[in-house]
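Have a look at the structure first.

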Amino acid sequence: MIISASYKTDIPAFYGRWFRNRLRAGYCKMVNPFNAHQVFEVSLRPEDVDGIVFWTKNPGPFLDGLADVHERGIPFIVQYTINGYPRVLESRVVPADKSIEHFRRIADTYGRLVPVWRYDTIVFSSETPPDFHRRNFERLASALEGATDEVVVSFAQIYKKTQRNMNEAAKEHGFTWSDPPASEKLALVRELAAMARARGIQLKVCSQKAYVVEGVQEARCVDAQRIMEVAGRLVASKLKGNRKECGCFYSKDIGDYDTCPHGCVYCYAVTSTAVAARRFREHDPEGEFLYPRVGAPPPETPSEPDQVPLFGRVKR
């Protein structure tokens, strides 16, 4: 079984101590997001885990945790988002230069197959127009050359909660935003793909097949093949995306929605930044659950079709 940790929240940045405690215990407990009364246990024993996919915008607090996972003989990859966006969009994400330093450290320690760069989600605004993305992506690709062979992108999907959060941030900080036509997005994808290719990096698109054009591939963010190459052994898994355009292999995600306090205004997985901050404060690093759930009100997660992830468009 592949463990996803987690496209619903940033476990390495905020819940690393909890994860390491659960790794030592050999299991964690989860609540069905659609049925708060259904609790299930997920094994984290090395003999049961084929690999782990970590999703993060800041693995710095968890670098020792990665070493712990490695020492246990569990292969892993790190889906590492580095956008380099202005603070009005990513208020509490570490600066890109620090992220690049951490990215290269992971690549140097565990190999360039382990970290996968995510330039995701692509947001169009007066702060981040197409020209910004061209310049910014080129700068980041240059800085990451030789440290990875893959970059994953997707364009923002404007769900009701996303629209509300973007509008509130735009009003507060004095910027505008838009959702341009597909033709503009296709043009940008082609340009970014060429920039990446020049740096030895393959651009892939996450769960948006309309933008998989020549020179661009479909992303498999939970990638059994990559884990197999990292591990040097067979990983038995099958393609099983729970949405029409999800290209991932089957995994068990151990995160929770509305728990990431990064404060990114475009985030799909956080309905309320206040709720996310409160749940982070209340979480118990020694607990079986990511945050206290038993006996609490039903989780404040959105219903379909808004049930979407923090890091791009993968869904389980």
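## Around helix H3

The buried residues of H3 are covered by, among others, helix H2 (16–25), strand E4 (51–56), strand E5 (76–81) and helix H4 (96–110). Contact here means heavy atoms within 4.5 Å. Helices (H or I, at least four residues) and strands (E, at least two) are DSSP runs, numbered from the N terminus.

Before going on, keep in mind that this is a predicted model: local features need pLDDT of at least 70, side-chain atom pairs count only at pLDDT 80 or more, and totals for chains, interfaces and linings use all residues. Residues are numbered from 1 along each chain as its sequence is written, and side-chain values use heavy atoms, with hydrogens and water left out.

Which residues of helix H3 (residues 63–71) are buried? They're Leu63, Gly65, Leu66, Asp68 and Val69. Buried means under 20% relative accessible area, exposed means over 50%, and partly exposed is in between (1.4 Å probe, protein chains only). Just after H3 comes glycine 73, with a positive phi of about 80°.

## A hairpin

Strands E2 (residues 27–32) and E3 (residues 35–43) run antiparallel and are joined by six bridges; for two strands to pair, DSSP has to find at least two bridges between them. Two residues sit between E2 and E3, and the pair forms a hairpin. Opposite cysteine 28 you'll find valine 42 of E3.

Most residues other than glycine have a negative phi, and most peptide bonds are trans.

| Site | Feature | Value |
|---|---|---|
| Alanine 5 to serine 6 | cis peptide bond | omega near -10° |
| Aspartate 120 to threonine 121 | cis peptide bond | omega about 10° |
| Serine 207 | positive phi | about 60° |
| Aspartate 258 | positive phi | about 55° |

Serine 6 belongs to the loop between strand E1 (2–5) and helix H1 (11–14), while threonine 121 is part of strand E6 (residues 115–122).

Is serine 207 buried or exposed? Serine 207 is buried, at a relative accessible area of 5%. Aspartate 258 sits in the loop between strand E12 (252–253) and helix H9 (273–282), and aspartate 258 counts as buried too, with 1% relative accessibility.

Cysteine 221 is buried, with a relative accessible area of 0%. Cysteine 246 isn't in a disulfide either; the nearest cysteine sulfur is that of cysteine 248, at 4.1 Å. Cysteine 246 is buried at 9% relative accessible area.

## Aspartate 131

Last stop: helix H5 (residues 130–144), which contains aspartate 131. Aspartate 131 counts as partly exposed, at 45% relative accessibility. Its side chain makes a polar contact of 2.6 Å with that of arginine 134. A polar contact is a pair of N or O atoms within 3.5 Å; within protein, one must be able to donate a hydrogen and the other to accept it, and residues adjacent in sequence count only if both atoms are side-chain atoms. From aspartate 131 to phenylalanine 280 there are 149 residues in sequence and 36 Å in space, C-alpha to C-alpha.

Technical notes: Disulfide = S-S within 2.5 Å.
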